[in-house]
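Here are my notes on the model, as numbered points. Please read them with the structure open.

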Amino acid sequence: RAQSASRMASRLSASPPVGRAFTAPLRRRPSSGSLAATADQAPAAPVALRPASMMTADDSVDTREVLLVGLGDPVSDILVRLDDPSLASRVFDACGISEPGGCVPVDSDEDIKSLLAACGEQWITGAGELETPSRSFSEDVPAQGVEPTYCPGGSAANVAKAVANLGGDAAFVGMIGRDDIGARYRELLRSQKVTPVLLEVDVDEDDAGSTPRSAQCLSLVEKGGQRTMRTYLGASLRMGASHFDENVERLAFGVDRVGADDESGITKSHSDDAAPRPGSAPRASLLHVEGYTLYRPDLARAAMTAAKRRGALVSLDLASFEVVRNCRSQLLSLLDDGLVDLLFCNEDEAAELIGETRAPDAFAREDAGRAMEWMLRYVRVATVSLGARGCVSVDNKGQRGVSPGVRCAVVDTTGAGDSFTGAFLWAYLRGGSLQACCSCGCAVGTAVVQVLGAELTATRWGELAGDLETVLLRDRGVD
């Protein structure tokens, strides 16, 4: 037992190891961050980047068109399940958490390691004293102590994972540190069928020790699904507008796809009445930006402008009511300039948009309607998710979609909203009506809350893809 405890403490306090299939990063570019990703789905030999002016379409490892490109923070989620209430109480006490729930930033990855070590010590101390769980609250993952699970997270990355696992093509753009955590993130993202386009943060030659490490989020998940999160964003915050350059565009979007410019110099994504045609071939047709990027508005603008230049749509998820509150001017600037086509929010964020102060569970569909009316001043499609009550969506031509919630046992809500958005966008880009998009989004969101960490099995994703294809066929009148 002592040896087992020692091994557990070691696993919990150490950084996650790099898989043996890890490929060395591409040659570094000191001036603007290093592109440590190739546009492929499987490990490949290192490739030295040439200046953008010397690159051709043949230089990308895989020039096939992608369906969706995500932009955001590449956060490695470290998930710890606290099935037993007494264990949860001891872990919170050891970690100095007086109010479980919510998300609080920490200053360094050392803070994450310390919290993990505290979790491990409490599991070891209480081993043999824990209440015998009556049943695991996830059918897919057996009950456990505080053995951590690692998965590639971040809002936009979760959206890309949903699209890719449903059979679409997806890429994800972000910045990682030069460390084993970032390397593991790349490999795990690739294993989820998403093309990683990840830059590595520059090293300060005068103070290498100050170089930030890859982003991580420790999520303590209690029975019933409540999450208590501690997040270190680290290297991800170093990505700026200058990093979204021609090299990144090529690897993320694939071959050039430039439409006709309007007088402002911004390419129109599609005409107002030109939605993607059902059954059309996948294309680099949408950039999805997570709301946290609004804290770096120049990056958001640079990426959105690049997407428009390539004839792509742009979607934005508002992320949290704090983002709406703190970044309202940045948001309005992007909306005023017509850079966003589809806007997603939950009831908290919708309430903040319209200045509503009532509790989220009192936020009615009528309130959502007022929020969407506000959103449609600027965008083509407005969607409000209502948690367990489903979602509502409307476009600027009056088409509507409504889907009720489905009662189920909630294990973990991590990534559920992002997975909803991913499935919605997958259906939208396949030519689905808003009603079909809402149905697809809610089906996937419901499945995700029943497992830990938004990590469905390949079999489950396959089942969902079949179900959603049926939804789209019926939406087109095909029995």
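1. Start with the side-chain pair Glu249 and Arg309. The two side chains make a polar contact at 2.6 Å. The model is predicted, and side-chain atom pairs count only at pLDDT 80 or more.

2. Where does Glu249 sit? The residue is found in helix α6, which spans residues 246-253. Is Glu249 buried or exposed? Its relative accessible area is 8%. Buried means under 20%, so Glu249 counts as buried.

3. Which residues surround Glu249? Leaving out residues up to four places away in sequence, Glu249 touches Phe244, Gly254, Ala306, Arg309 and Arg310.

4. Next, the helix pair α4 and α12. Helix α4 covers residues 155-165 and helix α12 covers residues 416-429. Their axes come within 7 Å and cross at roughly 45°. The crossing of α4 past α12 is right-handed. On the α4 side, the contact is made by Ser155, Asn158, Val159, Ala162 and Val163. On the α12 side, Asp418, Ser419, Thr421, Gly422, Ala423, Leu425 and Trp426 take part.

5. Last, the strands. Strand β3 (residues 75-82) and β5 run antiparallel and are joined by five bridges. In this pairing, Ser76 stands opposite Pro152 of β5. How many residues of β5 are buried? Four of the five are, and the strand, residues 149-153, is mostly covered.

Technical notes
Residues numbered from 1 in each chain as written. Predicted model: local features only at pLDDT ≥ 70, side-chain atom pairs only at ≥ 80, totals over all residues. Heavy atoms only, no water. Buried < 20%, exposed > 50% of the residue type's maximum accessible area, 1.4 Å probe, protein only. Helix = DSSP H or I, 4+ residues; strand = E, 2+ residues; numbered from the N terminus. Pairing = 2+ DSSP bridges. Polar contact = N/O pair within 3.5 Å; in protein donor to acceptor, adjacent residues only side chain to side chain. Contact = heavy atoms within 4.5 Å. Axes fitted to C-alpha atoms, helices over the stretch in contact; angles between N-to-C directions. Left-handed = near helix turned anticlockwise from the far one by under 90°.
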